[in-house]
Amino acid sequence: MSNTASAVFIGTEASVFVTRTRDTLIERGIRISVIDPHRVNNQIRGNSIIHKLWRMFERYRNVRKLIRASPKDQTAVIHYLSLDTFWLIPMLSRHFYRVVGLAYGSDVLRRKKSFDFLLRVGFRRIDVIAATNDNVLNALLSDFPFLTKCSPKIIRFGLSVFDEILKIDEITPSKAKSMLGFDREKDLVCLGYSASPGQRQMDLLEFFETHLDQFENLTFVVPIQYGSNSISSAIKKKCELINLKTGRAQFFALEEFHGPEKSALMRRATDVLINHSVSDAFSGTVQEVVYAGNLVLSGDHLPYNKMPGFGSAIRPFRSLADMASNLRSDALMVWRIKAAGSSIETREHLHAISSWDAVFPDWQRLVEIKQS
């Protein structure tokens, strides 16, 4: 018996989860290739029904061509469970040895259930269903009970930023800010972590815009490297308008994609991350900020109460006014002291659930194919 660890990831190459997972698994000896179903022919312009159908057909034809050119004795891991699954999973199932559907939180928790009948078409051809946490997996199994026969399991992404954070432990948050071009004397607050509607970053910007006199000691960074182009554009414009109103550079829209090294520096520089997301399954960004020794304000509707750092580094808020009260200089000082008291234990817990050392064996078992 010999074990073959080889897989094809189906997902956008712009996704940090796809690319970083691919790169790390390759470093650890697993062969990984990527098929991006979202590549479209840029020559096809227009928004008419004919243009949309044409682009859809081109996507279908391109994916079919790439699948047929791939070795069959592999595991296909589809990194998104959108409406594409009704045609994509059957196509994968006909070619590859095994098909794994990997559900992210947003795939399940924010989907339009009126289209579930299309998802069922694809799900019935899946071999293994996996999710990033129990909340997502339980929601899937509740809505699609037949998936209980598909070896349901939890598969977590390893956070390569953890390793980079350990390398810069001697760098203070103030120095990290200076290295990134921010004012080292001001606390740095990140508003969300991607330009998606569910992040509600614009709500946060509008709140702080109406309370500017209370937060002159803060620098605000709004990460928009991923997500909607329209939301990114609106956030950039909003930051510019607020800065123009105040006459100072206080709000920054972060557009640059950061690799693990620079991401680690950003996590070290971030005094507080505010997560006002509609839903969230303990995102990697939240974990990285806490791992770097910093703080997170999260909406009290988010399922964080059993996560490492909750009640110390992670503090829930009920309203935006409640959130803002935690950002006063005196409140931040008290909070930092409390979080520091359990920082070593919190980091150990995070390492045990989200480091690549911890999750790699699960990925290896997920993709390996035993051959006699």
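**A histidine, a strand and a pocket**

Modeller: Let's start with His-258, which sits in the loop between strand 9 (251-254) and helix 11; helices (H or I, at least four residues) and strands (E, at least two) are DSSP runs, numbered from the N terminus. It's a predicted model, where local features need pLDDT of at least 70, side-chain atom pairs count only at pLDDT 80 or more, and totals for chains, interfaces and linings use all residues. Residues are numbered from 1 along each chain as its sequence is written, and side-chain values use heavy atoms, with hydrogens and water left out.

Biologist: Is His-258 buried or exposed?

Modeller: His-258 is buried, because its relative accessible area is 6%. Buried means under 20%, exposed over 50%, and partly exposed in between (1.4 Å probe, protein chains only).

Biologist: And what does His-258 touch?

Modeller: Leaving out residues up to four places away in sequence, His-258 touches Arg-20, Gln-225, Ser-263 and Met-266. Contact here means heavy atoms within 4.5 Å.

Biologist: Switching topic: which way do the residues of strand 7 point?

Modeller: Asp-187, Val-189 and Leu-191 point one way, Leu-188 and Cys-190 the other, and all are buried. In a regular strand the side chains alternate between the two faces of the sheet.

Biologist: Which strand do 4 bridges join to strand 7?

Modeller: That's strand 8 (residues 218-223), running parallel to strand 7; two strands pair if DSSP finds at least two bridges between them. Leu-188 has Thr-219 of strand 8 as its bridge partner. Strand 7 also pairs with strand 10 (residues 272-275), in the parallel sense over 3 bridges, and there Cys-190 is partnered by Leu-273.

Biologist: How many residues are in the largest nonpolar core?

Modeller: It has 58 residues, and those with the most contacts inside it include Leu-191 and Phe-208. A nonpolar core is a set of buried Ala, Val, Leu, Ile, Met, Phe, Trp, Tyr and Cys residues joined through side-chain atoms within 4.5 Å. Apart from that one lies another core of 32 residues, among them Ile-89 and Phe-96.

Biologist: Last one: which helix gives the most to the lining of the second largest pocket?

Modeller: Helix 1, with 4 residues. Helix 1 (16-27), helix 7 (160-167) and helix 11 (260-269) each supply at least two residues of that lining. Among the lining residues are Arg-20, Ser-160, Pro-260 and Trp-356. A pocket is an open set of points on a 1 Å grid over the protein atoms alone, where a 1.4 Å probe fits, with protein on both sides within 12 Å along at least five of seven lines; lining residues have an atom within 4 Å of a point.
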